[in-house]
Amino acid sequence: MGKVALITGVTGQDGAYLSEYLLKLGYVVHGIKRRSSLFNTERIDHLYEDPHVENRNFILHYGDMTDSLNLTRIIQEVQPDEIYNLAAMSHVKVSFDTPEYAANADGLGTLRILEAVRLLGLTEKTRIYQASTSELYGWVREIPQTEKTPFYPRSPYAVAKLYGYWIVVNYREAYGMHASNGILFNHESPLRGETFVTRKITRSVSKIALGQEKCLYLGNMSAKRDWGHAKDYVRAMHAILQQEKPDDYVIATGVTTSVRDFVRMAFSEVGITLQFEGCGIEEKAVLQSIDESLFIETVGSEYLPSIQLRLGDAVVAVDSRYFRPTEVDLLVGDASKARNVLGWEPEYDLAMMVKEMVNADIKLMKRDAFLQAGGYKTLKYFE
Ligand code: NAP
Ligand code: GDD
């Protein structure tokens with residue numbers, strides 16, 4: 001019999017990659033998804049199994065991190081060997097608009113899982129992974145950040161996650177639970193939510209290259225992040241729960257890059273070189289040159305752009321609405337402990353990931369254009 005895992009946040013970026021990974025390892029995977037008025041399972045539709053199929057390996061349950069009764073019932077029914085608590089209101093900027101909800105879902109939600117496991121008498125059986133975050137370091141106290149670096153959260157999201165982090169440590173110490181924190185630095189992929197900065201950039205680069213959009217508006221382009229690939233990071237989550245002893249681990253690449261440089265890299269994937277001018281709210285990037293053969297190789301030559309690209313056009317500008325009341329300026333992690341104890345190493349570097357994300361978005365934008373046009377005028381967009 002394979003192990004049984006329960007994933008909260010199964011419909012998110014990490015939930016999708018982790019489900020795939022665990023299924024390949026022979027797990028039976030249960031996932032908790034929220035009820036929504038539209039389908040919200042696009043990232044895991046390829047894993048879906050009809051409820052009438054016998055001996056399913058992938059089973060979804062309706063649930064919500066703000067509902068203790070429901071979480072307790074699901075855990076009782078599933079009797080999981082491993083719980084991966086990935087569900088969260090995960091957008092830092094949005095958490096300033098919905099601070100109480102972020103505290104409830106991300107902070108108290110973690111407590112609900114731990115307490116359900118304890119009250120159901122599953123302390124010995126069930127191991128728990130908590131999706132902690134490099135946002136805990138916030139206004140960083142040292143560079144790079146390790147498991148020992150003090151926390152200084154800078155958003156309602158990060159403060160809620162701080163509670164999650166410490167309640168996991170407390171339940172581990174108080175009740176001997178196998179509960180661990182993965183302090184994961186930013187990780188991205190073609191499945192990344194569209195409003196996080198990397199995906200926002202790769203989508204816009206694709207639209208601008210295809211002549212569907214004129215300009216990408218961003219907030220603080222000087223912020224620096226340690227960006228890895230979600231596929232690499234879900235391997236670390238699993239490895240953490242396979243250790244004999246529960247513990248907390250930083251998962252990071254050790255390389256930090258500014259948002260501005262990420263923009264440069266994404267545009268250069270389609271052969272476009274940018275020149276940045278001005279600073280602060282006045283900063284913009286203009287189109288300096290286009291490598292035509294690379295452009296055609298990545299974007300194709302068959303499309304019918306409604307906006308023509310011209311040298312000197314501003315294709316990136318700043319919009320203050322994307323600034324945060326308090327910002328996290330720089331994150332860079334030291335994952336030595338994960339390397340030494342878990343044997344974890346990332347397979348992707350940033351350049352590989354940017355390439356994958358831009359190419360995936362070009363494909364997606366071509367498909368969307370085809371569908372929006374009823375598959376008629378822009379037939380050539382579709383591959
Ligand atoms: P994501 O794509 O935003 O996915 C979040 C998941 O949580 C979605 O499935 C979402 O459901 C679900 N969710 C949100 N509120 C919920 C609620 N009240 N009840 C039940 N489910 C709820 O996030 P991700 O990038 O996969 O990240 C996974 C986890 O790791 C999150 O806890 C995040 O805070 C943390 N983390 C992420 C990163 C990163 O860089 N990606 C780094 C460190 C830590 P819907 O699909 O219905 O919205
Ligand atoms: N989203 C967004 N949109 N961010 C922008 C923009 C913009 O238009 N312009 C600049 N940024 C800057 C933000 O101010 C921030 O400094 C940086 O880009 C990264 O923003 P996000 O991609 O939204 O990610 P995050 O670092 O705030 O949070 C993500 O990573 C955390 C781990 O460190 C999320 O996935 C969190 O859930 C996660 O915990």
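Guide: Three bridges join β8 to strand β15 (residues 314–318), and the two run parallel. Helices (H or I, at least four residues) and strands (E, at least two) are DSSP runs, numbered from the N terminus. Two strands pair if DSSP finds at least two bridges between them.

Visitor: Before we go on, what am I looking at?
Guide: This is a predicted model, where local features need pLDDT of at least 70, side-chain atom pairs count only at pLDDT 80 or more, and totals for chains, interfaces and linings use all residues. Residues are numbered from 1 along each chain as its sequence is written, chains are lettered from A and ligands numbered from 1 in the order in which they are written, and side-chain values use heavy atoms, with hydrogens and water left out.

Visitor: Back to β15. Which residue there stands opposite L216?
Guide: V316.

Visitor: What sheet are these in?
Guide: An open one of four strands, ordered β8-β15-β14-β13, with mixed pairing.

Visitor: Which strands stand at the edges?
Guide: β8 (216–218) and β13 (272–277). Each has a single partner strand, so one side of each is left without a neighbour in the sheet. From one strand to the next, the twist averages 25°. Angles run from 0 to 180 degrees between N-to-C directions, with axes as lines fitted to C-alpha atoms, for helices over the stretch in contact.

Visitor: Which helix lies across β8, β13 and β15?
Guide: Helix α8 (residues 259–269), running at about 150° to β13. Contact here means heavy atoms within 4.5 Å.

Visitor: What about the seven-strand sheet?
Guide: Its order is β3-β2-β1-β4-β5-β6-β11. The sheet is open and the pairing is parallel. At the edges stand β3 (58–62) and β11 (248–251). Each of them has a single partner strand, so one side is left without a neighbour in the sheet. Neighbouring strands are turned by 20° against each other on average, direction ignored.

Visitor: How many bridges between β5 and β6?
Guide: Six, in the parallel sense, with β6 covering residues 179–184. One partner pair is S132 with I183 in β6.

Visitor: And what packs on that sheet?
Guide: α1 does, touching β1 (4–8), β2 (28–33), β3 and β4 (82–85). The direction of α1 makes about 175° with that of β1. Helix α7 (residues 230–241) packs on the sheet too, touching β4, β5, β6 and β11. For α7, the angle with β4 is about 140°.

Visitor: Ligands now. Which residues are closest to ligand 1?
Guide: T11, R34, S90, Y101 and Y157, out of 25 that surround ligand 1. A residue is near a molecule or strand if one of its heavy atoms lies within 4 Å of it.

Visitor: Which elements supply that shell?
Guide: α1 (13–24), α4 (99–119), β5 (127–133) and α5 (156–175) each supply at least two residues. β5 gives the most, with three.

Visitor: How much of ligand 1 does the protein bury?
Guide: 90% of the 900 Å² that ligand 1 exposes when taken alone. Accessible areas come from the Shrake-Rupley method with a 1.4 Å probe; for residues, only the protein chains shown count as cover.

Visitor: And which residues come nearest to ligand 2?
Guide: T133, S134, Y157, R324 and E327, of 24 around ligand 2. A polar side-chain atom of Y157 lies 2.5 Å from an oxygen atom of ligand 2. N186 has a polar side-chain atom 2.6 Å from a ligand 2 oxygen atom. A backbone N or O atom of G219 is 2.8 Å from a nitrogen atom of ligand 2. Taken alone, ligand 2 exposes 710 Å², and the protein buries 95% of that.

Visitor: Last one. Which peptide bond is cis?
Guide: The one from I143 to P144, with omega near -5°. P144 sits in the loop between β5 and α5.

Notes. A polar contact is a pair of N or O atoms within 3.5 Å; within protein, one must be able to donate a hydrogen and the other to accept it, and residues adjacent in sequence count only if both atoms are side-chain atoms.
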